[in-house]
Amino acid sequence: MGEWAHGLFSCCDDLGACFMVTFVPCIPFGQNMEAAGLSSCIVGAIVFLIPLLDIICWFKLRSTIREQHGLEGSFFGDLMAICCCSWCALIQETQQCKLSPQGGMARS
């Protein structure tokens with residue numbers, strides 16, 4: 001099992017992702033949902049705006065990203081990241097989704 005390409009607090013490694021997550025977090029969330037194959041970008045962005053459903057889908061998204069990229073982690077770790085450092089977790093997921101599971105660039 002591998003490690004995340006960027007640490008949880010490596011928010012400024014990608015200033016574009018940092019900006020998007022800070023000001024319009026529904027868009028990177030939707031893009032991540034699409035990159036993980038869980039929904040379309042627009043559906044993912046709308047889901048992010050629905051309380052409780054967003055948290056459930058976020059856990060599914062984070063676990064799917066971990067599985068696709070062969071990353072270490074657990075439900076408890078995802079819980080802590082999402083509940084305690086949500087924007088950092090979303091930026092980390094966005095940075096990871098830019099990498100294909102094989103290590104190349106999947107999208108920009």
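This is a predicted model: local features need pLDDT of at least 70, side-chain atom pairs count only at pLDDT 80 or more; totals for chains, interfaces and linings use all residues.
The largest nonpolar core comprises 23 residues. Within this core, the most contacts are made by Phe-29, Phe-48, Trp-58, Leu-61, Ile-65 and Leu-90. At least two core residues come from each of the helices α1 (15-23), α2, α3 (41-48), α4 (53-69) and α6 (86-97). The greatest contribution is that of α4, which provides 5 residues. In soluble globular proteins, nonpolar side chains tend to be buried together. For Leu-90, when residues up to four places away in sequence are not counted, the residues touched are Val-21, Pro-25, Phe-29, Asn-32, Phe-48 and Trp-58.

Met-33 belongs to helix α2, which spans residues 26-35. The relative accessible area of Met-33 is 5%, and the residue is therefore classed as buried, the cut-off being under 20%. With neighbours within four places in sequence left aside, the contacts of Met-33 are Leu-38, Ser-39, Gly-44, Cys-57 and Leu-61. Of these, Leu-61 is also one of the residues with the most contacts inside the largest nonpolar core. Met-33 and Cys-57 are separated by 24 residues in sequence, and their C-alpha atoms lie 8.8 Å apart in space.

Helix α5 covers residues 75-84, and Asp-78, Ala-81 and Ile-82 are buried in this helix. These three residues lie on the same side of α5, because the arc they cover around the axis is only 90°. An α-helix has 3.6 residues a turn, so residues three or four places apart point the same way. On the face turned away from the buried side of α5, the exposed residues are Phe-76, Cys-83 and Cys-84.

Phe-75 is likewise located in α5. Its relative accessibility is 56%, so Phe-75 counts as exposed, for which the cut-off is over 50%. Between Phe-75 and Leu-61 the separation is 14 residues in sequence and 12 Å in space, C-alpha to C-alpha. Met-33 is thus a buried residue of the model, whereas Phe-75 is an exposed one.

Definitions and conventions:
Residues are numbered from 1 along each chain as its sequence is written. Side-chain values use heavy atoms; hydrogens and water are left out. Helices (H or I, at least four residues) and strands (E, at least two) are DSSP runs, numbered from the N terminus. Buried means under 20% relative accessible area, exposed over 50%, partly exposed in between (1.4 Å probe, protein chains only). Contact means heavy atoms within 4.5 Å. A nonpolar core is a set of buried Ala, Val, Leu, Ile, Met, Phe, Trp, Tyr and Cys residues joined through side-chain atoms within 4.5 Å. The arc is that of the directions from the helix axis to the C-beta atoms.
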